[in-house]
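Hi,

Here is the structure I said I would pass on.

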Amino acid sequence: MTSPQQLLADEVRVAYDRQVVLDGVTLSVGRGETVGLRGPSGCGKSTLVRVLALLHRPDGGQVSIDGTPVTGVRYAVPVGLRTRVAVLFQSPRAAADPRLSLTDLIAEPLRAVRAPEPGVRERVAELADLVGLTPDLLTRRPHAVSDGQLQRACLARALVHRPDYLLCDEATAMLDASTQAHVAAVIADYQRAQNAGVLVITHDEALMGRWADRIVDLAGAVTAPAR
Amino acid sequence: MADLAARRALPRPLRSRLRPRRAGVVTAGLVLIVAVGGALLAPIVWPLDQSAVALDQTRLAPSWSHLGGTDDLGRDVAHRAVYGLRVSLLVGAVAALVATVIGGLIGGIAGTLGGRVDRVLMRIVDTIAALPHLLLGIFIVAMLRPSLGAVIASVGLTHWLSTARIVRSELLSLRTRTFVDAAISGGAGRGRVLVRHLLPHVLPRLALATTLMIPHAVWHETALSFLGLGLPPHLASLGNMISDGEGSLLTGAWWASLVPGAVIVVVTLAIAVLAARWRDRLDPRVRAELQL
C-alpha cells in the first residue's frame with residue numbers, strides 16, 4: 001500500500017542531449033524509512049537524487065511530496081517545499097562555499113529564509129554539537145578543515161531546516177571509517193527522531209546492508225529486501 | 001596537530017618557486033608608487049604653465065637643468081612628461097572603471113539570466129568585438145569635442161567587451177557549482193545566491209580585469225592623442241608629446257619622443273607585472289596549493 005507520506009519520483013525520465021540517463025524510473029522514499037540505492041557508476045543515481053531534490057527538471061514524469069506534485073525546479077519551488085528535502089552531496093569540498101566559515105555555512109540556510117539571529121546561533125551550536133564539531137573548527141573556513149570535518153558541517157547544514165527527507169549521495173565515500181560511522185549514526189538518529197525518510201547511495205555493501213530498510217537496484221530497478 | 005604541521009610544510013616548495021618573481025614585483029611596486037605619487041603631487045611641488053614656451057631654449061639635450069631635455073618649443077620634456085602621466089593615469093583609471101561598470105553589468109545580466117538574454121547580449125558583444133576598437137574609439141571622439149571626457153568615453157565604451165565576457169563566463173560556471181545547488185536546496189532565492197555566493201567570487205576577478213585594463217586604456221589614450229584626437233595640443237599628454245616630438249626626431253633630438261615613450265612603457269609594464277602576480281594568486285589551483 002502506498003502511503004501518501006512519501007517523496008516520490010514517478011516515471012522519471014532524464015536525458016542529457018540524446019543520452020538517456022533515467023528512463024521511466026519510479027522510486028519512493030517513505031517517512032521513517034531508509035532506502036538504499038545502488039547501481040553501477042554512471043547509471044543515473046546522482047541524477048535521480050538531483051531530480052528528487054528538486055534541482056533538476058526531469059524530461060518526463062514528476063516528483064511529488066506527500067502526494068502533492070511539485071511543478072518547477074530550483075528557484076521556482078516554494079521555499080517551504082524546497083527545504084523539506086535536503087541533500088548531502090558526495091564532495092563536501094564542492095558543496096561548501098569556500099568563502100564561508102563553518103558557522104556561516106551551517107547558518108546560511110536559516111539566514112536565507114531570514115530566521116532571527118539569536119535562534120540561528122542557538123541552532124548552529126546545537127547542530128555543531130550533534131555532528132561533533134568543536135568551537136575552534138567552526139570559525140575556520142573550508143580550506144582549513146579536513147574532508148571529514150567539512151562533511152560533518154555539510155550534514156549539519158542539511159539538517160538545519162529539519163527536513164522530512166534527506167538524500168545522501170555517496171555522502172560517506174570520501175570519509176575515513178570512524179567519521180563514516182559517526183555520520184551514519186547521526187543520520188540514523190535524526191531519521192528516528194524526526195521520522196524522516198532517508199535515501200542512501202553508497203557502494204559500500206556492508207554499510208548499505210546495515211543502514212537501509214530496503215535496497216533498490218537502479219540498473220535493473222529491482223526491489224530486493226535487505227539482508 | 002600533525003595535519004597542521006603538514007599544512008605549513010606543504011606550500012614551501014611552491015613558495016621558493018615563486019621567489020625569483022618577487023624582485024620584479026617589488027620593482028614594479030616602487031615604480032608605481034613613484035609614478036602615482038609624482039602624478040598626484042606634481043601640481044603642488046612642481047607646477048607647470050601648460051602654455052609657456054621658451055623659444056631661446058629649443059631642443060636642448062638632456063642635462064642637469066633639463067633632465068629630459070627640451071622640445072622644439074623649448075618646453076622641459078621631463079616636466080611635461082610628469083603632467084602627461086597625470087592625464088594618462090587619470091584617463092586610464094577612469095576609463096577602466098567605466099569599462100568595468102558597463103562590462104560588469106552586461107556580463108552580469110547575461111551570466112545571471114542565461115538562456116535567450118545571454119545569447120542576444122553575447123552576439124551584440126561579438127558584433128562590437130568584430131569592429132577594430134581603435135577605429136570605433138576614433139569615431140566616438142570625432143562625435144564629441146576633443147576633451148578629457150571624450151577620451152575617457154572613447155576608451156571606456158570600447159574596452160568593456162572582455163570584462164563582460166569574463167564576468168559572464170565566471171557566473172555561468174559558478175551557477176553550476178554544487179554549493180549553489182546546496183544553497184538553493186537550503187531555501188536561498190536568486191538574490192541571496194547572487195549576493196552571497198556568486199558576487200563574492202566574481203568581484204576579485206572583476207577588480208583584476210579593471211587593473212589589467214588600465215595599461216590598455218593608457219595606450220589607447222596615447223594612440224588617440226598621437227593621432228591628434230585626444231587632448232587639445234597645448235595640454236601635456238604622453239600621446240601629444242610623442243606626436244610633437246616626431247618632428248624633432250629628424251633633427252636628432254630623440255629625447256622629445258623617447259622620454260614620454262619610456263615613461264608610458266615603464267609605468268604600464270609595472271601595472272601589468274603587479275596585475276599578473278595578483279592573477280596568479282587568484283588562480284584557484286595555485287591558491288589551493290598556497291592554502292590561502
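**Where the two chains' helices meet**

A:Asp104, A:Glu108, A:Arg111 and A:Ala112 in α4(A) meet B:Arg192, B:Arg196 and B:His197 in α10(B); contact here means heavy atoms within 4.5 Å. By class, that contact of α4(A) with α10(B) has five charged residues, one polar and one nonpolar. For the classes, Ala, Val, Leu, Ile, Met, Phe, Trp, Tyr, Cys and Pro count as nonpolar, Asp, Glu, Lys and Arg as charged, and the others, Gly among them, as polar.

Before going on, some housekeeping. This is a predicted model, where local features need pLDDT of at least 70 and side-chain atom pairs count only at pLDDT 80 or more, while totals for chains, interfaces and linings use all residues. Residues are numbered from 1 along each chain as its sequence is written, chains are lettered from A and ligands numbered from 1 in the order in which they are written, and side-chain values use heavy atoms, with hydrogens and water left out.

Back to that pair: helix α4 (residues 102-112) of chain A and helix α10 (residues 190-226) of chain B pack at about 160 degrees, with axes 12 Å apart. Helices (H or I, at least four residues) and strands (E, at least two) are DSSP runs, numbered from the N terminus. Axes are lines fitted to C-alpha atoms, for helices over the stretch in contact, and angles run from 0 to 180 degrees between N-to-C directions. α4(A) and α10(B) are therefore roughly antiparallel to each other (under 35 degrees is roughly parallel, over 145 roughly antiparallel, 65 to 115 roughly perpendicular and the rest oblique). Their crossing is right-handed, meaning that the near helix is turned clockwise from the far one by less than a right angle, with anticlockwise being left-handed.

**Packing inside chain B**

Helix α6 (residues 133-143) and helix α7 (residues 148-158) of chain B pack at about 145 degrees, their axes 9 Å apart. The crossing of α6(B) and α7(B) is right-handed. Among the residues that meet are B:Leu136, B:Ile140 and B:Val141 from α6(B) and B:Ala153 and B:Leu157 from α7(B). That contact of α6(B) with α7(B) has seven nonpolar residues, four polar and no charged.

α4(B) and helix α5 (residues 115-130) of chain B also pack at about 145 degrees, with axes 7 Å apart, but α4(B) passes α5(B) in a left-handed crossing. B:Ile106, B:Ile109, B:Ala110 and B:Leu113 in α4(B) meet residues of α5(B) including B:Leu121, B:Met122 and B:Val125.

**Cavities and a pocket**

The whole structure has three cavities of 30 Å³ or more. On a 1 Å grid over the protein atoms alone, a cavity is a set of points where a 1.4 Å probe fits but cannot get out, a pocket is an open set with protein on both sides within 12 Å along at least five of seven lines, and lining residues have an atom within 4 Å of a point. Grid points are joined across faces, edges and corners, and a volume is the space filled by probe spheres set on the points.

The largest cavity is about 110 Å³. It is lined by 13 residues, with A:Ala86, A:Arg157, A:Ala158, B:Ser185 and B:Gly186 closest to its centre.

The second largest cavity holds about 70 Å³. Nearest its centre are A:Glu108, A:Pro109, A:Arg157, B:Ala182 and B:Ala183, and α4 of chain A and α9 of chain B each supply at least two lining residues.

The second largest pocket has about 280 Å³ of space. A:Arg74, A:Tyr75, B:Thr112, B:Arg175 and B:Arg190 lie nearest its centre, and α10(B) gives the largest share of its lining, four residues.

Cheers
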